[in-house]
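My notes follow the display.

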Amino acid sequence: MVLTLIFLYVIENNLCWQDYFEERADPKIYPVKNMLKPKNNIFLNFFTTIALLILSSIFSQNKSFADVAGSNIINDHLKKRIELKKTENKFGCRGELICGVSLIPQFYQRRGFSPAWSRDEGISPQAGSLIEEINRADQEGLRPDDYHLDNIVSLLKMIEKKQALRERVDPKTWVDLDLLLTDAFMLYSSHLLAGRVNPETIHSNWVVASPNADLINILQSALDSNQIVNVLRDLRPIHDGYIGLKQFLRQYRNIANKENWSPLLPGTNLRKGDQGAFVQRLRDRLVFLGDLEDSNEDPIDLFDETTERAVIKCQKRHGLKPDGIVGPRALDILNTPIQHRIRQIELNMERWRWIPRDLGNPYLIVNIADALLWVTENRQHIMEMRVIVGRPYRQTPVFSSKMIYMVINPYWNIPTSLALKDILPKIKKDNNYIAQQGIKVFKDWSKGAPEIDPKTIDWKNIKRQNFVYKLRQDPGPRNALGRIKFILPNKFAVYLHDTPKHSDFKETNRNFSSGCIRTEKPIDLALYLLQDDHQWSREKLLEIIEIGETQVIELRKPITVHIQYWTAWVDENGRLNFRDDIYDRDRPLDQALKERLPDV
């Protein structure tokens, strides 16, 4: 009895799930607060294991439950409650919203309205297994409180008390407990499978593919096989990127518990050879962040080569110029509160839950926040290059698609929006601009529209209202798409391409395109994509480019491309990286995750 109460107290101090696979709801229905510091999992697991054994023993020996569960009373109560709520827009239970308003009735109808989490002899052990997993939800960057935990614990206390007194438990109590446990499983399952928030409700240019999953069958199968724990764990993302972030989440929470994260004293261009108390504090901070090994010796206040290497390592992880000098930007990075980094990790774990479980093999990823592209084959990075992504006001969208062909020496049909904003002002300023850039003017965008002599147009009087022309830039060294473009069909008309301005890739911040993605090494990428087509070699590709002939090449093996946005991720060497939130996408996600469900 004592250990049982201890268990209930522990989990109490640690909530509706969306019909995610039928209609992705507004993120405001997902209640999440800021993550709390992790509890002592050793003691939690100890008490959980012992208490569950005692609970099982108590309920299996006590026959007062059998008086109820052995009959059809609970089944009748379940049926009446569910059939009543089916006609209502909201399904409430003990003041909380039950989100599985469509799937939960189907689940119980298939069971003949028999309870899922209790038996004639008492509470099913699977209920304890579910509670254990919910208590571990914080390890996934989720909140245990989001899954009806308070009410479930309260009901368990009530039942335990009545069982101890050999009193009859009200059938309504058993129904409430069963509904809350079922909804908790469905909610947690949907969050593990596809995330707590639908990104399309907070970002207009973010597309995800909803997973195909039958949660009713998943739950029933888990109950039938007594595999609640394994089934839930199998729903988590399996990608190395997610697993790596999860490991660093635990590590950074430990740092937050140990380290007094006060700002470092301000310093100006601290570098190798400097000495003093500030250097000692710098070294301590680098040790905590994992960029410098702890020497376990007396404190060192000299900025030596080891310190310089650690600073460079830290700068690389944060996308700074790796010069080994602690200037204002590096100091800002080192002073970033650890709780902010923890939240960044949690936000990007959520983004991993939006990504398809099957990334393809091989696959190509572009991380917009880092302006970097890499190709992964058999879980190994085999190619990497810098890219240039969209400006903050012309953001590169997030989506996945198949790259199916490439175009050598492409034409550029200039979108009307860009023609108005970028090209027209230059034409008005310089009458020779059109000829210099190899741009041709057509009457309109209709098929077969005739070409027009640009000198016959009074450009100074052309405005948005009367701009009906199509502008097309011919292939050549000035073409904005460079010599190759890579096509992956999508609703945003975004593609990857070459550029005539290769010096731009030397920039640290590379977010100044109009939304499409400029690639640093288009020839290397093209040759990789054509490696199974033996008629193509580097020499032949360069020859076609030199001739200037436009040629479309279909890929024999289309490759899956994932355009993503990660401000925190683990690279192929196991290093945790952070980047600035260049599109301000962390903030709305953070707010959506904090939204609470309205009371019923």
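I count two strands as paired if DSSP finds at least two bridges between them. Helices (H or I, at least four residues) and strands (E, at least two) are DSSP runs, numbered from the N terminus. The model is predicted, so I keep to its limits: local features need pLDDT of at least 70, side-chain atom pairs count only at pLDDT 80 or more, and totals for chains, interfaces and linings use all residues. Residues are numbered from 1 along each chain as its sequence is written, and side-chain values use heavy atoms, with hydrogens and water left out.

Entry 1, sheet. I looked up a four-stranded open sheet and found the order β9-β12-β10-β11, with antiparallel pairing. The edges are held by β9 and β11 (451-452), each with a single partner strand, so one side of each has no neighbour in the sheet. Inspecting β10 (residues 439-442) against β12 (residues 470-473), I found four antiparallel bridges. I439 has Q473 of β12 as its bridge partner.

I noted α16 lying across β9, β10 and β12, and running at about 90 degrees to β9. Axes here are lines fitted to C-alpha atoms, for helices over the stretch in contact (heavy atoms within 4.5 Å). Angles run from 0 to 180 degrees between N-to-C directions.

I followed strand β8 (residues 399-408) and found it antiparallel to β17 (residues 551-564) over nine bridges. M406 is bridged to I553 in β17. β8 also pairs with β13, again antiparallel, over four bridges, and there I408 stands opposite I484.

I checked α8 (residues 171-194) and α9 (residues 215-224): their axes come within 11 Å and cross at roughly 115 degrees. The contact involves T182, F185, M186, S189, S190 and L193 of α8, with L215, I216, I218 and L219 of α9.

How many residues line the second largest pocket? I use "pocket" for an open set of points on a 1 Å grid over the protein atoms alone, where a 1.4 Å probe fits, with protein on both sides within 12 Å along at least five of seven lines; lining residues have an atom within 4 Å of a point. There are 42, and the closest to the centre are W412, L418, A480, S514 and R518. β9 (412-414), α16 (416-429), β13 (484-487) and β15 (511-513) each supply at least two lining residues. I noted that α16 gives the most, with six.
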